[in-house]
Amino acid sequence: MKTLDFIKVNPAGNTTILIENFDGNSQDLVNISREIMKDTNLYAEQVGFIKGNHLQMMGGEFCGNASRAFASFLAYKDKSFSKENIYSITCSGEKEILKINVRRDKQENKFLAKVKMPKFLSIQEVKINNFHLGLVKFLGIFHFILNINSYSDINHSEVIASIKSYLSTKDYSAFGIMFFDEANSFMKPYVYVKATDSGVFENSCASGTTALGYYLKTFKNIEHLKIIQPNGWLEFSFENGAIYIDGPVEIIALGQVFI
């Protein structure tokens, strides 16, 4: 049995477990993550592992919400933190150092965190079976944008299966499908992580919001938008050619978990 220190965080609804001071191999990360995410355990949409100022996600992917959660936890622990600070971290799936602006929100456990997100590797429009999608590729994760205004009755399972088949011969750590209702600025994110063979409809997705932001800027010349998601909101904006994601983060619980 392992006893692990955990932090449960709610970054805009994308419930995340962070494990402190964990030193294990990639298979340990996968097995522990699968157990922790169960509704009979801590229950979360994703798990990240902290070592120093580095965040290692369960499937080796990059995650903007988990990075914002980690930086907010650093602010929560920082006795010198008052109203605002910038925390530098690194995250799996991204080579650059992330400088995250964290501001105090209404309570001591609540923050707003803004992060400069990675540049895409490529962006295009693709047709997969009968679906017309945007495809924004990042290091480790591919994001597909599907405008659900174009379809009166979307079969989510069919879309997911079509994209899995499309990616079956490609190298990726994770993929996302952003079901986007442009008329209402609403997005329903689905994320699949290959290492854990797990896919969930998330309550918010920062990298998916980033992909959507790049897509809207490239094809519709939209540079700033607040995106409502199933259990929160995230806002993208462009500054000097770079994209930033901003939104709320709440520290929910601290404790120990037995695996």
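Predicted model: local features only at pLDDT ≥ 70, side-chain atom pairs only at ≥ 80, totals over all residues.
A residue counts as buried under 20% relative accessible area, as exposed over 50%, and as partly exposed in between.

**First stop: Lys38 and Glu35**

Please select Lys38. Its relative accessibility is 40%, so Lys38 counts as partly exposed. With a relative accessible area of 29%, Glu35 is partly exposed. These two residues form a salt bridge, and their closest N and O atoms are 3.1 Å apart. The structure holds six salt bridges, and the pair of Lys38 and Glu35 is one of them.

**Second stop: Glu182 and Lys220**

Next, select Glu182 together with Lys220. A salt bridge joins Glu182 to Lys220, with 2.7 Å between the closest N and O atoms. Where do the two partners, Glu182 and Lys220, lie? Glu182 is in the loop between strand S11 (174–181) and strand S12 (186–193), whereas Lys220 belongs to helix H4 (residues 206–220), so the pair ties together parts that are 38 residues apart in sequence.

Now select Lys217 and Glu223. The closest N and O atoms of this salt bridge are 3.7 Å apart. Are these residues buried or partly exposed? Lys217, at 31% relative accessibility, counts as partly exposed. Glu223 also counts as partly exposed, at 37%.

**Fourth stop: the cysteines**

Finally, turn to the cysteines. A disulfide is a covalent bond between the sulfur atoms of two cysteines. How many disulfides does the structure hold? The number is zero.

Select Cys91 and display its side chain. Cys91 is in no disulfide, and the nearest cysteine sulfur, which belongs to Cys63, is 6.8 Å away. Cys91 is buried, with a relative accessible area of 2%.

Then select Cys205. For Cys205 the nearest cysteine sulfur is again that of Cys63, at 6.7 Å, and Cys205 is likewise in no disulfide. Cys205 has a relative accessible area of 4% and is buried.

Conventions:
Residues numbered from 1 in each chain as written. Heavy atoms only, no water. Salt bridge = Lys/Arg side-chain N within 4 Å of Asp/Glu carboxyl O. Buried < 20%, exposed > 50% of the residue type's maximum accessible area, 1.4 Å probe, protein only. Helix = DSSP H or I, 4+ residues; strand = E, 2+ residues; numbered from the N terminus. Disulfide = S-S within 2.5 Å.
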